[in-house]
Amino acid sequence: MTERDEDRPEATWRSLEALDGDAGALRWRDGEFPDLARATATGRRSLLKLMGASVALAGTAGCERLPAEAPADPIVSRAGATPGHVPGEPLFFATSLPLEGYGRGVLVESHEGRPTKIEGNPLHPASLGATDAFAQAAILSLYAPDRLRAALRRGGGRRRLDGTLAQLAAEFAADGGAGLRLLTGPVSSPSLTAGIASLLDRLPEARWLQWSPVGDGNRLDGAALAFGERLETRLDLARASVIVAIDDDPLGPGPNQVANGAGFIAGRRDPARFSRLWVFEACPSLTGARADRRFPVSPRAVPAIARAVAAALGVVPPADDGVELPPGLVEDLRRAGPAAVVTAGRRAPPEVHALVHAVNLALGAVGTTVHHTRPVLAGAPSGVAALAALAAEIDAGAVSRLVVIDANPAYDAPADLDLARRIRRVPFSLCLASRLDETAAECLWTLPLAHPLESWGDLRAPNGTVGLMQPALAPPAGTMTALELVARLAGSEAPARELVRGYWEQAFPPGEFEAAWLRTLHDGVVEGTAFEEIPVRLAPGWEVPPPVPAQGEGLTVLFAPDPSVWDGQFADNAWLQELPKPLTKLVWDNAILIAPATAARLGLANGDGAVLELHGRALEAPVWLLPGHAPDCVTLPLGYGHRRGDVARGLGFDAYSVRRSEAPWVDGGAVLQPSGRRHLLATTQDHGTMVGRDLVRSVPLARLAAMAALGGEAGGEAAGEEAGEETEVAGEDLPSIYPEYDYSGPAWGMAVDLNACIGCNACVIACQVENNVPAVGKEEVARGREMHWLRIDRYWEGDPADPRIHFQPVLCMHCEKAPCEVVCPVNATVHDSEGLNVMVYNRCIGTRYCSNNCPYKVRRFNWFDYADEGGRPEVTANPDVTLRERGVMEKCTYCVQRIQKARIQAKLEDRPIADGEVVTACQQACPTRAFTFGDITDPASAVSRAKASPLNYGLLEELNTRPRTTYLARIDDPPAPEEAS
């Protein structure tokens, strides 16, 4: 096989099927450690125990196999040596992870049969070698102790269902599936789609529908209005010079975040073709945070704004709705032409999307910055309408059998549909779920769903490219995939591997399948499966959508997926619960988001309880003031208020409880009143604050050329002057009592490009997973005891009604003149021969002097034995990084374990470490490549070139700490004075 990743030896990145073919490869044994599993199944001592898997799962999760009646998947045992593999070296498996049905290609790092880390697959179009926060945290979900391990019958405990499944298949075949409804999450898998189609051919009376509470069906419906057919829309932001986002967040969480983020920053690296971003939105988003021109508007104004843009470009006749577009917008779009793109979000109604499609077609953007293909997700009925039809059928007695696969409508369906009650009324219901969630609790039978990292399958990326799924370890006995359940309902006992192979065997030329199959498993993608672009034109008789009626009295309510737990499917993941949300910095909670002006009018402050009444339904929740939020609007983040789940249960409020099927995204007429109670909300933004100093710097695009002419230190000073700060000492060689260091080898340093950071949090989770950083719980975070080695500070600038938003990743600066080193009484924090500020953990006695003396507040102290208490389960740990004990200080190490690995490899090959050979965890995960790391003594290294930029500056340089981590100032394209006025 060809080498695809220069950072890893080719022998360590192989498909598991290729390993299975090696002579001497061993298979997993059934029930290898049953006594250990039984002895440790109970007795968790605290909430932290629920945050991850117990130590016992290290022996059981990776050692169980499929039931004896099904052939074992070829997972390679670590009980003995495997030919071709060096003991101690990790293996990397290429696979795909689902989000909203779409696939994101990843490489799973496995140590001795135990997956510990996920990286992006550089060959996959949805990941491009990077990841998002959800993918990074998938490791913890894999080892979660509350995962279902056996079939459950409502009210009857654990039972086997194999015989019942065979009987069901026979019963279904006998009456053609009369009364059977199959409800799944979004499906893009070609093999699963084919399997369901085969099942429906066998059972012509059955019906299939898909459900996602945050689905993007409005975009497809808008294409149907404009073009006469439902089409997928994909943006190429790298080629866009002007971007107009109308209530859309292409840089925010979702299946396209990594690709969109990479494309957007690619379009802003070259000052000569620096793109300009216009954003209209009600609630600040990651896209709004990077906007050059941002306008807080009510979602009720979105249709009028879209119509005004279309009218100004001559696409539709003007409407007398009083909307006045900001100066320069239409001129920008006309000037950009095919290099422009206008986009609307999932909250916008189909009529708005139709207008946007017509505008992009008129600009000539289709085929350049906007691409249309046939839909990636399967064409089964979906969305609120399909779910409402199911509810009506249940009421009419037309549904006698309901099979739910990887969906949770009892929790996340609109409240007026009351799916929990209706599901219980169905005579026979079966749920395939990873946990006993709200829907599983209402179904008669529940089967355990295999984790994606334990599954065979396939998923399509947003552009149609198929990524294969292959397990990185064997699933626990009794679990199954969606593909296997569908096959069993059709009467087949074939395991998922055979089903996937059987499907793709038909796609490869005869006689070439085996070689192509192994190559595809190795690469993780099926070549030539991307969808072809479909040329479009406005459908004959296309009518201009009518204006949307004005809103009545009351507040406007927006529903939005949560940036950390999405629609609730990640709510049982402690790493994501403790991940500070990009804009609010809240953890372990959600809150009603509200504009400061609206909060002042209602007499509310951060953490105040409030009662929100909406069309006869009410909920009580704390409020959080969010600068830049549109007035007279409130945002309700989805995904909290679970009634089930070891971690998720009881956290936050359930926004689905007031969501209506007729207004799933934007509703009006809400009343918000103080409840008189206070709620504890934990936020990390003010922990270790450095506010009031020269921290985040930005430079107008117009001055960039002049700064480049200044060069070097002078340019850095100019960047500071743009921020309005005093910079007389910046870059000067001030006298110091600290010693000077001479380096005979490399001296490591980092540059962080603030112009590239979009605040997505992928680096924070990547650092946590790589370096065995524990989760500590809401109460400890509220005390300022969070343990993240890397944080992303968020700053507001200007008017709270419409501020500019800045993100700044902050990690250990690895100061050349480190204040922490001289105060340690036991020499636990020291300067090493390569310039790293390292911690010798077994010397640390917990005085915390170093933390007190650190001006950057990047050191973390283990107040409790978090690893032992489950805050960092051992089974998830990176074996190259120690688990720290109670009473020890810890912090960023520049991933010294990766440096050491590169050093050993270079020594074996008798060569110096090459530039770019060491890639830190944050650097590898970042979709926009905001981090550059390397040897600062090498003038030709990438990090040295970055530090030579006139935008480069050090944080708190006036303290003369000489940080090795420096920053490149953000480049902005602010409005001209006449435009701003």
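How close do the axes of H7 and helix H18 come, and at what angle do they cross? In this predicted model, where residues are numbered from 1 along each chain as its sequence is written, local features need pLDDT of at least 70, side-chain atom pairs count only at pLDDT 80 or more, and totals for chains, interfaces and linings use all residues. Side-chain values use heavy atoms, with hydrogens and water left out.

The axes of H7 and H18 (residues 482-489) come within 9 Å and cross at roughly 15 degrees; axes are lines fitted to C-alpha atoms, for helices over the stretch in contact, and angles run from 0 to 180 degrees between N-to-C directions. Helices are DSSP runs (H or I, at least four residues) numbered from the N terminus. H7 is therefore roughly parallel to H18, a term for angles under 35 degrees. The crossing of H7 with H18 is left-handed, that is, the near helix is turned anticlockwise from the far one by less than a right angle. Contact (heavy atoms within 4.5 Å) joins Ser191, Leu192, Gly195, Ile196 and Leu199 of H7 to Ala482, Leu483, Val486 and Leu489 of H18. This contact comprises 7 nonpolar, 2 polar and no charged residues, where Ala, Val, Leu, Ile, Met, Phe, Trp, Tyr, Cys and Pro count as nonpolar, Asp, Glu, Lys and Arg as charged, and the others, Gly among them, as polar.

H7 (residues 190-202) also packs with helix H19 (residues 496-505), at an angle of about 95 degrees and with the axes 10 Å apart. The two helices are therefore roughly perpendicular to each other (65 to 115 degrees). Pro190, Ser191 and Ala194 of H7 and Val500, Tyr503 and Trp504 of H19 make the contact, which contains 5 nonpolar, 1 polar and no charged residues.

Elsewhere, helix H11 (residues 302-312) packs with helix H13 (residues 350-363) at about 20 degrees, their axes being 9 Å apart. H11 is thus roughly parallel to H13, and their crossing is left-handed. On the H11 side, the contact involves Val302, Pro303, Ala306, Arg307, Val309 and Ala310, and on the H13 side Val352, Leu355 and Val359. By class, these are 8 nonpolar, no polar and 1 charged.

The second largest cavity has a volume of about 100 Å³. A cavity is a set of points on a 1 Å grid over the protein atoms alone where a 1.4 Å probe fits but cannot get out, and lining residues have an atom within 4 Å of a point. Grid points are joined across faces, edges and corners, and a volume is the space filled by probe spheres set on the points. Of the 13 lining residues, Cys767, Leu811, Cys892, Cys895 and Cys922 lie nearest the centre of this cavity.

Definitions and conventions. Angles under 35 degrees count as roughly parallel, over 145 as roughly antiparallel, 65 to 115 as roughly perpendicular and the rest as oblique. On a 1 Å grid over the protein atoms alone, a cavity is a set of points where a 1.4 Å probe fits but cannot get out, and a pocket is an open set with protein on both sides within 12 Å along at least five of seven lines; lining residues have an atom within 4 Å of a point.
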